[in-house]
Amino acid sequence: MIIIAARWLPRLVSRREPASAPLMIIFGAVAGLLIAPLPEFADPRSNPLPWEVVSELTVIIALFGAGMRIDRLGPLSKWGPTARLLGIAMPLTIIAVAVLGVWAGGLTIAGAILLGAVLAPTDPVLAGDVQVGPPHEGAEHPVRFTLTTEAALNDGLAFPFVYLGLLVAAQGLNPGLWGAEWLGIDVVYRIAMGALMGWGGGKVLGILLFSIPRDAVVANTSSGVISLAGILLCYGSTEIVQGYGFIAVAVMGLTLRRQEADHEFHRRLHDFSESLEHTLTAVLLVALGVALPLILWDLQWSHVAIALVLIFVIRPLAGWIGLIGADFSRNDRLVTAIYGVRGIGSIYYLCYAGRHMEFVNEDQLWSLVGLAILMSTILHGFSVGWAMDRVTDKPS
């Protein structure tokens, strides 16, 4: 009922694609209040494993889909704004959120680092409205291309900072004990291995789909379910060799899209994975809404301030600084800087960290992250159509 209402009600006032994500959370929260008290298994703080598994699956499917959407990788200059957001804006966001978490939120240093890592990435799941269209649709506006490629890659690139928070929690703020290992393994090796495994997985899957057997290739069938199998195989094999699976599946999508680039099977692969993504996302958003009254129970005014500063100051300012020198108009730069929605990826990272380490501030972290997701989905969900019209010159 909640999902139907969230998808149907916006159509009463607008012909746009429904901004259903915030409504699913809000309606779920109302349902959670009505059926209180909720059973303990519905609380991600006490039962993180199912939340982690479902959010992890949703994110990797979304990352693959983001890679598949890119019709043209070149010229290299197209990637300049993406590199700036990944290399400048995201680290600035992590540092600013961590400092704010210690100063205003009373978090430990480890908890603050984790908070920055959890909230810094642009979510690939809920950012669909700002991304480029499906394969073969063309017209990849620079803003949409930048936000799509940022969302595809920054989840994996935030993982080293999640590990950094875990290391500080376990061994203290003494880089002499863990600095070399963190830089060599968690930063260099895992990122490189993720990219390599994703490239290899995309190449191999492309050969199996489009080349062997030559007279009866899988790509001539109508089933896109092989995309899910390929995603899971690439992700799992990358995790086995200690690479970042999030990076691998995004790179696999980008690589696979180059194989027989004009073949219509790419659209079927994308559409199947997108349907799975939307289904899992709806379930997670409703579940988050239902659990929100529990999660926000420990909310403090300082958490509200941090969430507001993140969404309205830190991300826009970090994005604006990161895009200095990019070949963007003022409006393009502003929209790209602002529209970094928080969502499913943040849920996964927090569940992952909570299962691997007992954090002093875990309840506070959940309250803050839950509020940030709610505020971000409301702000971005209800304004994204208007904003994208401004930069793509479409009529209002």
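Does Phe 145 count as buried or exposed, and at what relative accessibility? In this predicted model, Phe 145 has a relative accessibility of 1% and therefore counts as buried, since the cut-off for that class is under 20%.

Trp 79 belongs to the loop between helix H3 (48-69) and helix H4 (80-103), whereas Phe 145 belongs to helix H6 (residues 142-171), so the pair ties together parts that lie 66 residues apart in sequence.

Helix H6 also carries Phe 159, which pairs with Tyr 348 of helix H13 (residues 344-356), so that parts 189 residues apart in sequence are tied together. With the centres of their rings 6.3 Å apart and the planes at 70°, Phe 159 and Tyr 348 are likewise an edge-to-face pair, and both residues are buried. Phe 159 and Tyr 348 are moreover members of a cluster linked by ring pairs, in which Tyr 163, Tyr 235, Tyr 244, Phe 246, Tyr 349 and Tyr 352 also take part.

The charged end of Arg 190 sits over the ring of Tyr 163, at 4.7 Å from the ring centre. A further contact of this kind involves Arg 333, whose charged end sits over the ring of Trp 320, 3.8 Å from the centre of that ring.

Conventions
Residues are numbered from 1 along each chain as its sequence is written. This is a predicted model: local features need pLDDT of at least 70, side-chain atom pairs count only at pLDDT 80 or more; totals for chains, interfaces and linings use all residues. Side-chain values use heavy atoms; hydrogens and water are left out. Helices (H or I, at least four residues) and strands (E, at least two) are DSSP runs, numbered from the N terminus. Buried means under 20% relative accessible area, exposed over 50%, partly exposed in between (1.4 Å probe, protein chains only). Rings of Phe, Tyr and Trp (its six-membered ring) pair if their centres lie within 6.5 Å; planes under 30 degrees apart count as stacked, over 60 as edge-to-face and the rest as tilted. A charge sits over a ring if NZ of Lys or CZ of Arg is within 6 Å of the ring centre and within 35 degrees of the ring normal.
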